[in-house]
Amino acid sequence: MANYIGRFNVIPSLPEKLEPLREIVYNLFWTWNHDAIELFRRLDRKLWEDTHHNPVLMLGKISQDRLNEIANDDSFISHMNRVSVHLNVYLEEKSWYQKNYKYNGDKFIAYFSAEFGLTECLQVYSGGLGVLSGDHLKSASDLGLPLVGIGLCYKEGYFQQYLTNDGWQQERYELTDFFNQPISLVTNKDNKPLKIEMDFPGRKVVLQVWKIQVGRIPLFLLDTNVTENSEEDRKITRTLYGGNIETRIQQEIVLGIGGIRALDAMNIKPVVCHMNEGHSAFLSLERIRHLIKNNNLSFDEAKDIGFYSNVFTTHTPVPAGIDIFPNDLVERYFGQYYRNELKISDKIFYSLGTIIKEKPATNFNMAHLAMNMAGFVNGVSKLHGQVSKKMWMSGFVDVPFNEIPIDYITNGVHTHSHLSNDMQELLYRYLGEKFMQNPSDKEAWKRIDEMPDEELWRTHERRRERLVAFARNRLIKQISERGGSASELAFAKEVLDVQALTIGFARRFATYKRATLIFKDVDRLSNILSNPDFPVQIIIAGKAHPKDEECKKLIQEVIAISKEPHLKKKIVFIENYDMNIARYMVAGCDVWLNNPRRPFEASGTSGMKVIANGGLNLSVMDGWWDEAFTPNVGWRIGNREEYDDLDYQDEVESRLIYETIEKELVPIFYNRGEDKLPRNWISIMKNSMKTLGSEYNSHRMVEEYAKKFYFESYEKRMNLMKNNWEKGKEFSRWKSILYENWNKVKFISVTEEEKNGDLKFGLKYPILAEVELGELTPDDVEVQIYYGKVDEGANGTKYSITMSHVGKKTKAVKYTYRGQIECNDTGQFGFTLRILPKHPQLINPFELGLIRWAGN
């Protein structure tokens with residue numbers, strides 16, 4: 001192959017009248033603006049589909065004659081100008097953040113994620129985590145948050161799926177031409193690509209930076225595919241979730257450390273960094289390095305300061321889902337870094353990669369690193385918050401389970417990105433501008449009741465018809481590419497029924513998601529699907545990881561069943577699941593099936609996408625559905641049971657699925673009056689939309705992150721920066737003194753005052769305690785009464801009451817505290833006392849791992 005000695009870029013030559021198109025296509029605001037998408041279709045409908053909905057590539061492929069033609073089409077120009085005005089109004093109007101907050105600094109929040117699902121033509125995502133990250137940016141844009149995104153620029157991205165004749169998944173990797181994508185290279189002051197240099201074992205690795213504009217939010221993607229690097233190093237960012245364990249640590253170094261350096265090179269100085277999963281946790285080390293180097297701080301001072309401005313969101317409910325690197329591999333990449341840059345010992349460094357402090361770690365856990373370095377840690381649903389506490393409770397010795405400092409913020413979806421044009425127009429007509437501006441507005445959603453049943457149902461039926469047409473076209477394409485016969489192609493045109501009850505199942509194929517559960521009893525399922533009077537059909541899509549043989553077998557099983565003669569028209573598997581397929585499915589399915597093994601679904605968001613589209617959920621009580629379900633918004637599978645015998649669980653829960661379809665879904669869906677409307681079904685649709693629509697969206701989610709974490713984190717960091725970091729140094733000294741003296745902190749005596757037999761309801765139960773604090777003072781600690789009902793055990797509701805410091809015995813340096821329990825409930829109660837650290841900088845009293853219980 002010839003080596004090129006020079007490079008040049010060719011860009012579309014647009015007639016002057018069409019120049020606004022250039023701005024429109026390079027801002028992904030179009031991905032949630034149906035008017036802009038319709039504009040691209042007007043350019044060339046076939047080319048829009050052929051380019052996988054990539055408007056930049058479209059402009060490069062469309063003929064100059066066609067461009068000249070539309071430049072003279074007044075109707076098209078008017079449409080283009082309307083979209084252009086809408087974009088510019090959106091960018092310039094006052095946002096939620098600007099109206100309500102006035103923090104200093106631009107782009108002070110940096111959001112790091114290994115993948116971003118923004119639109120189907122940008123293949124830098126694999127599934128739910130990526131789409132969630134993309135939705136996070138879109139809602140941050142809508143809310144006007146001063147946020148930037150950081151990710152990796154994958155040349156191959158995730159694989160393209162195709163199936164053999166016997167249903168076995170094959171993978172095809174396609175190289176992305178970034179110069180024909182809605183993405184641009186970041187340049188320096190000399191208008192040359194910005195380059196970032198990093199130290200790898202025995203060599204330098206160079207990164208370049210790409211920028212995607214997501215409404216108001218810039219997303220920067222890091223890329224090692226540059227000529228300065230060796231052929232091997234150019235492949236570091238080649239594939240998403242590909243390669244071996246060394247590729248993974250290299251990617252995570254680029255994302256975390258390279259991400260901070262890239263922001264610094266662009267003069268973006270984030271105050272708050274959000275680690276979406278542990279992939280980017282190395283950023284915490286680089287932030288410490290910056291503080292040491294630029295502000296003459298010690299490692300402990302820099303670590304203490306960094307802790308309060310890092311946020312960590314975990315998405316996994318099992319330890320197996322976390323990146324863990326062997327220490328020898330970490331040593332190769334970080335030995336020089338921690339010795340020369342962080343100036344710490346190996347013992348201290350490796351302790352950062354574990355939350356288990358009692359013994360030396362043999363490996364380096366990225367989730368543990370993130371937890372050790374982030375003051376704000378959260379799961380992604382209420383149930384997942386509890387699951388995360390169970391998973392990591394061994395790192396919080398002596399801390400009561402309910403007080404383990406792991407919070408939760410339930411995921412949400414960017415409503416306008418997943419909403420069909422038909423349904424959006426209907427919702428706009430009845431819910432108004434409030435809904436368009438803020439999908440989390442509860443009052444707007446209540447107006448669903450004003451919407452005529454006929455209009456809602458007809459709109460939903462149109463979307464089901466389009467889904468069926470889409471599924472047929474995709475099936476024809478799949479058969480053609482496999483070299484299928486003419487009879488197979490003819491049959492594909494007749495699959496599915498536009499009026500049948502349609503169940504959708506589309507997601508990543510993982511064993512815990514149990515894609516084949518509904519096929520447990522094929523005969524019973526066949527009877528349900530084949531009822532001529534009340535037909536039911538299933539549309540399925542999803543990819544298995546290239547190395548997951550078990551899940552590939554599940555796909556093969558689905559394909560085999562779908563080929564049974566009596567089921568061929570009732571079950572369709574759509575290959576190569578992506579955001580475009582998802583969009584059709586969530587808009588057109590009547591029911592969204594979700595049947596993971598509880599509690600392995602951290603949140604799940606696919607079911608949220610059907611809500612605004614009028615779809616209903618049938619789900620195991622796991623993830624978001626565990627907190628969202630009520631009997632008037634959808635259906636549940638089981639009642640929060642968890643099983644040891646997994647085969648028995650599958651048997652029980654598959655039967656529950658069949659029973660629910662037979663006894664509830666089918667009768668309600670097909671119960672029609674003279675007007676042919678399923679009034680009861682429509683009533684459930686409306687209840688689901690008005691109850692869940694305002695809650696399970698990413699506007700609510702991002703607003704919650706801002707109020708709960710980002711703004712508090714910003715304030716704490718700014719406080720530590722005061723007086724040239726003197727406040728931070730002072731806080732670090734306080735922590736050191738606390739740790740040095742904690743072994744001297746103890747209870748001397750606990751006295752129950754005025755106890756005279758049983759207490760009557762409404763009385764107060766006073767308690768007196770004497771404590772010793774070593775060199776500490778009452779300003780440094782809080783003494784609490786901790787009590788609850790004896791019969792409720794460790795998991796029952798517990799209460800804490802702060803005791804008042806009432807005196808000091810100077811000779812023995814003992815302090816006296818007094819508190820009282822108000823007897824507002826009956827029963828037998830138990831109590832104990834505890835001493836906790838107290839400082840206004842602390843987010844919670846348990847973050848230092850220090851607690852002294854009475855009697856210990």
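In the predicted model, one aromatic cluster is formed by W96, Y97, Y101, Y103, F108, F711 and Y714. A search of the whole structure returns 54 aromatic pairs. Among these is the pair of Y308 and F731, whose ring centres are 5.5 Å apart and whose planes meet at 75 degrees, so that the arrangement is edge-to-face. Because Y308 belongs to the loop between α12 (299-307) and β10 (310-313), while F731 belongs to helix α31 (residues 722-741), this pair ties together parts that are 423 residues apart in sequence. Y308 is buried, at a relative accessible area of 1%, and F731 is likewise counted as buried, at 3% relative accessibility.

An edge-to-face geometry is also found for the aromatic pair of Y338 and Y350, with 6.0 Å from centre to centre and 80 degrees between the planes. Here the parts tied together are 12 residues apart in sequence, because Y338 is located in helix α13 (residues 327-341) and Y350 in helix α14 (residues 346-351). Y338 and Y350 are both buried.

Aromatic rings also take part in arrangements with charged side chains. R216 is placed over the face of Y90, at 4.5 Å from the ring centre, and K543 is placed over the face of F159, at 5.0 Å from the ring centre.

A further lysine, K513, is located in the loop between β15 (501-506) and α23 (522-529). The relative accessibility of K513 is 8%, and this residue therefore counts as buried, the cut-off being under 20%. The side chain of K513 makes a polar contact, at 3.3 Å, with the side chain of Y512. When neighbours within four places in sequence are left aside, the residues in contact with K513 are F505, R507, R508, N595, P596 and E601. Of these, F505 falls within the residue range given for β15 (501-506).

Burial extends over the whole of helix α15 (residues 366-373), in which eight of the eight residues are buried, so that this helix is largely enclosed by the rest of the structure. The buried residues of α15 are M366, A367, H368, L369, A370, M371, N372 and M373. At the start of α15, a side-chain oxygen of N365 comes to within 2.9 Å of the backbone nitrogen of A367, and A367 is itself one of the buried residues of the helix.

Definitions and conventions
Residues are numbered from 1 along each chain as its sequence is written. This is a predicted model: local features need pLDDT of at least 70, side-chain atom pairs count only at pLDDT 80 or more; totals for chains, interfaces and linings use all residues. Side-chain values use heavy atoms; hydrogens and water are left out. Helices (H or I, at least four residues) and strands (E, at least two) are DSSP runs, numbered from the N terminus. Buried means under 20% relative accessible area, exposed over 50%, partly exposed in between (1.4 Å probe, protein chains only). A polar contact is a pair of N or O atoms within 3.5 Å; within protein, one must be able to donate a hydrogen and the other to accept it, and residues adjacent in sequence count only if both atoms are side-chain atoms. Contact means heavy atoms within 4.5 Å. Rings of Phe, Tyr and Trp (its six-membered ring) pair if their centres lie within 6.5 Å; planes under 30 degrees apart count as stacked, over 60 as edge-to-face and the rest as tilted. A charge sits over a ring if NZ of Lys or CZ of Arg is within 6 Å of the ring centre and within 35 degrees of the ring normal.
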